[in-house]
Structures are given as structure tokens and as C-alpha cells.
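Hi,

Here is the two-chain file I said I would pass on. Have a look at it first, and then read my notes below.

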Amino acid sequence: MSVDTVPTVEDLTEICDQVWASYLDPEGLNPLLPVGPMAGIGEMFAAVSITGSWHGHVVVTCSANAARQAAAAFLVMEPEEVSGDDVADVLGELANIVGGNVKSMLPSGCFVSLPHVVTNPGASTRFPSAVQICELAGTWLDEPVSISMWQSNGDRAEVRAA
Amino acid sequence: MLAIVVDDSRAMRLILRRIVGQLGFDVIEAGDGKEALDALAGLDDLPQLALVDWNMPNMNGLEFVSAVRADARLREMTLVMVTTESEQSQIVRALAAGAHEYVIKPFTAGAMVEKLALLGLVPSGVTI
């Protein structure tokens, strides 16, 4: 099944506003401030894959410091107190929450994978058979953060042929 | 009062522990449905409340809810799904399996307290 309607950057913004309000910035003091596309910011990655009636990925990318700040905000700890496992856990949960909400905007019959996380600075995440279809890029606490959606080339080919 | 929080994210377990802890619950944690069933099997006094994620390894939340409802010893427990699964069809599936309430992530502490008040587990009007 092909899908020609997918969530947009406005949808990602709405989801992220809710995530920030619930967990990362409940006081409303440090929102995610949108900026233009930011290439090469990624030091930390978390992604969930969506399969079924739509195929692709939802990816959260940020600097190491932003990831540490996010873990501290979730866990109500000081940034220097959080462990590497905490950072991985929180990044994965962020991808899970954003991905799950994205899925709700897709036609029924989609499934979301468990998150996978790469927390090795200098590493990169590649989706060789998918293209980025939208990205919410911004700064949070002066650190770069990006939430993006990637659609599989197979799905896109079906849309073009339809 | 005792609650069990079942979620594969330690951070989410901590958030939920903090919320229900402030409401007077003692809390035990499990990282998936299987681990939760194992923990419950070893308890003499069962939790009144289970907060259950859906998407977990080993045994997911829906399977856990079904297992609890099928077990005469456990079925009095109030089950609340806490998940990103927000499609109407999924909510219906969870409620049909035996969940009492449904909270969609992301959620605020206030939204969670309101749901628990609806279930009669905390007095209405309570804030944290």
C-alpha cells in the first residue's frame, strides 16, 4: 500500500512542543527554538522504524551535551550526574514518543519498532534506502537538536507511480 | 497503596514513580510484561494499580493486560496503559483486553493525576 500523505514539519513541531512541555521544559523557560536545517550536528542518534502501510524512520539527533541535558531533565538530575545508560535510555524514549505520535498520523496498519540508539560521538546513522522528507531542526539550551522523518525509497516509488 | 510501573524505559519508569509516589503509592518497577508477571507472582500483597507501556520487548503491554485479566489472582488490579499508541483502534484493543484507562505519551503529571482520579484511586481535585 502506498501513502501519499505523511506528517509535515508542522506536525513534528506540534509533537515536540508537547514533549518539551511534558518532560524537557515543563516550566516553559527553555523551548526548542527552530532554526534552518543544520547539517552534521549529530553526535547522538535515536531512531524508531515504522513498517506496515508506511515505511520509514523517525530520527532524533542532537549534540552530546543536548542529550545529557535531556537525560538530566527527564530524570530530574544534574547533567553531570547522568550516566551513559541514562542518556541512551532517554534518547530512545524521545524517539519512541515522537515516533509513536507520528504513527498515529499515518494510515492504520503501521507498527513502530523499539528504539535503537547510537551514543558514540563521531558515529553516523545512515538510512541508505530512505530519504529525509521533513526535519524540525532547532536549538535547545543553545545546543543543536534535530527531529526528522525518513521515508523508504520503495514507498516513494509507489507514490510516484500511483 | 502499591503500584507497579511496567515500562522498558528507566527514565519513564522514574517519571511515573515520581508522580504516583507523590500521590502516596509505594512503587515497584518492571522493564517488560514478563518481568512484571514474575514480580507479581512473588508478592503476597498485590498492587492496586499497574501503569503499563505498550511497546516493550519480551512481553508487550497488551499481552500483559490480557495475562492479568486471565489470572483470577491478579484481575482486581486497575490497569492503565501509558503509551504512544494513540490510534483509536489501538485504544479500543487495549480497553477490550481489559485496560481500565489509557494515557497517551507525552503526558503531564496533571493529566495522569486526573486519570487516576477518574478511576477513584486518588481524590478528585488533588494536584502535585
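Which residue forms a salt bridge with Lys105(B)? The partner is Asp53(B), with the closest N and O atoms 3.4 Å apart. The pair links distant parts of the chain, 52 residues apart: Lys105(B) sits in the loop between β5 and α5 (109-118) of chain B, and Asp53(B) in the loop between β3 (49-52) and α3 of chain B. Both ends are covered up. Lys105(B) counts as buried because its relative accessibility is 0%, and Asp53(B) is buried too, with a relative accessible area of 1%. The two also belong to a salt-bridge network that takes in Glu93(A) and Asp7(B).

Before the rest, a word on confidence: this is a predicted model. Chain A has a mean pLDDT of 88, with 87% of its residues at 70 or more.

Now the interface. There, 22 residues of chain A are in contact with 22 residues of chain B. The two chains bury about 1,800 Å² between them, and 50% of that is on carbon and sulfur atoms. The structure holds ten salt bridges over all chains, and four are found across the interface of chain A and chain B. One joins Asp86(A) to Arg10(B), at 2.3 Å from N to O. That pair runs from helix α3 of chain A to helix α1 (residues 10-22) of chain B. Asp86(A) is buried, at 5% relative accessible area, while Arg10(B) is partly exposed, at 37%. Another salt bridge is formed by Lys103(A) and Glu85(B), again with 2.3 Å between the closest N and O atoms.

Within chain B, Glu29(B) forms a salt bridge with Arg13(B), the closest N and O atoms being 2.9 Å apart. Here strand β2 (residues 26-30) is tied to helix α1 of chain B, through residues 16 apart. Glu29(B) is partly exposed, with a relative accessible area of 28%, whereas Arg13(B) counts as buried at 14%.

On to the nonpolar side. The largest nonpolar core has 63 residues, and Phe74(A) and Phe107(B) touch the most other members. Its largest share, eight residues, comes from α3(A). Apart from it lies another core, of 23 residues, including Val6(B) and Met77(B). Leaving aside neighbours within four places in sequence, Phe107(B) is in contact with residues of both chains, among them Tyr23(A), Ile15(B) and Val82(B).

Helix α4 (residues 88-97) of chain B is worth a look as well. Its buried residues are Gln90(B), Ile91(B), Ala94(B) and Ala97(B). They are on the same side of α4(B) because they cover an arc of only 130° around the axis. Gln88(B) and Ala96(B), on the other side, are exposed. The cover over the buried residues includes α3 of chain A, together with α3 (61-69), β4 (78-83) and β5 (101-104) of chain B. Ile91(B) counts as buried because its relative accessibility is 15%. Beyond its neighbours within four places in sequence, Ile91(B) is in contact with residues including Tyr102(B) and Ile104(B). The C-alpha atoms of Ile91(B) and Ile104(B) are separated by 9.6 Å. After the helix comes Gly98(B), with a positive phi near 130°.

Cheers

Notes:
Residues are numbered from 1 along each chain as its sequence is written. Chains are lettered from A and ligands numbered from 1 in the order in which they are written. This is a predicted model: local features need pLDDT of at least 70, side-chain atom pairs count only at pLDDT 80 or more; totals for chains, interfaces and linings use all residues. Side-chain values use heavy atoms; hydrogens and water are left out. pLDDT is the predictor's confidence in each residue, from 0 to 100. A nonpolar core is a set of buried Ala, Val, Leu, Ile, Met, Phe, Trp, Tyr and Cys residues joined through side-chain atoms within 4.5 Å. Buried means under 20% relative accessible area, exposed over 50%, partly exposed in between (1.4 Å probe, protein chains only). Helices (H or I, at least four residues) and strands (E, at least two) are DSSP runs, numbered from the N terminus. Contact means heavy atoms within 4.5 Å. The arc is that of the directions from the helix axis to the C-beta atoms. Buried area is the accessible area (1.4 Å probe) that two parts lose on being put together, summed over both. A salt bridge is a side-chain nitrogen of Lys or Arg within 4 Å of a carboxyl oxygen of Asp or Glu.
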